[in-house]
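Dear colleague,

Please find the structure below, handed over for your own work. My notes on it follow directly after.

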Amino acid sequence: MKQHVLIIEDDRTLNAGISFALEKEGYAVHSAHSLQEAEKCLERKMSLILLDVNLPDGDGRDFLRNILAGQPVPVICLTALDTEEDMLQGFRAGCDDYVTKPFSMPVLVMKIKALLKRSEGTSRQIYSAGNLVYDFENKTLKKHGGPIELTALEVRLLEYFIHNKGIVLTKENLLDKIWDARERYVEEKTLKVSVLRLRRKIEDNPEEPEHIRTVFGIGYKWEEA
């Protein structure tokens, strides 16, 4: 089954060039030149999205926060802005990787392949990492073969980490995607406490976690250890 990639880029020449390169690799490619066009494309489930930051009808990062929030699709931001703060804003908005223009097409293709590889396979029913075994269907976790009780929130948090293994998740991204609408205004402190409680249950040494790693100043990342 082909993987579908959406390119949201208003530079038509660049959009066509990326499309050509990805089609040669066997991907099903969808092109949008504005955020309005991109929303229509999202009627189909995408495997990955390439998102330009500066678009004629808005900021790609706002689109990422408001439209793509809650969708477990990897996003690579494309932009000519290359300062550290610009990149941090992209990660805070929820992107998984950041590519600055001009870029090497072969390198972009390799980044796409790597991100898709990290993201694939997490929908299987049984997931194992180190001494942990998680059953997605029954929402049960075992550690060293013994059952670990999880709250509903901890289940959502654990599953989101697993589905995004190896990807840096910002605090803002986790707050937006883990808590539902009625819990919209959740403080960062609540996230920190929730992560700490989950660590205490799954890590052999919560002070030196092997799975839920802290990325200083940004958020967290799930490692398989």
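Predicted model: local features only at pLDDT ≥ 70, side-chain atom pairs only at ≥ 80, totals over all residues.

Residues are numbered from 1 along each chain as its sequence is written, and side-chain values use heavy atoms, with hydrogens and water left out.

**The sheet**

An open sheet is formed by 5 strands in the order S2-S1-S3-S6-S7, with parallel pairing. Helices (H or I, at least four residues) and strands (E, at least two) are DSSP runs, numbered from the N terminus, and two strands pair if DSSP finds at least two bridges between them. At the edges are strand S2 (28–32) and S7, each of which pairs on one side only. From one strand to the next, the twist averages 20°. Strand S1 (residues 4–8) runs parallel to S2 and is joined to S2 by 5 bridges; Leu6 has His30 in S2 as its bridge partner. Helix H1 (residues 12–24) packs on this sheet and touches S1, S2, strand S3 (48–52) and S6. The direction of H1 makes about 170° with that of S2; axes are lines fitted to C-alpha atoms, for helices over the stretch in contact, and angles run from 0 to 180 degrees between N-to-C directions.

**A residue of strand S6**

Thr79 belongs to strand S6 (residues 75–79). With a relative accessible area of 0%, Thr79 is buried (buried means under 20% relative accessible area, exposed over 50%, partly exposed in between; 1.4 Å probe, protein chains only). Leaving aside neighbours within four places in sequence, Thr79 is in contact (heavy atoms within 4.5 Å) with Asp52, Val53, Asn54, Tyr98, Val99, Thr100 and Lys101.

**Loop positions with backbone features**

The peptide bond that leads from Lys101 to Pro102 is cis, with omega near -5°. Pro102 sits in the loop between strand S7 (97–100) and helix H5 (105–119).

Two residues other than glycine have positive phi values. For Lys139, phi is near 60°; this residue lies in the loop between strand S9 (132–135) and strand S10 (140–143) and is partly exposed, at a relative accessible area of 41%. For His144, phi is about 55°. His144 is placed in the loop between S10 and strand S11 (146–148) and counts as exposed, at 56% relative accessibility.

With kind regards
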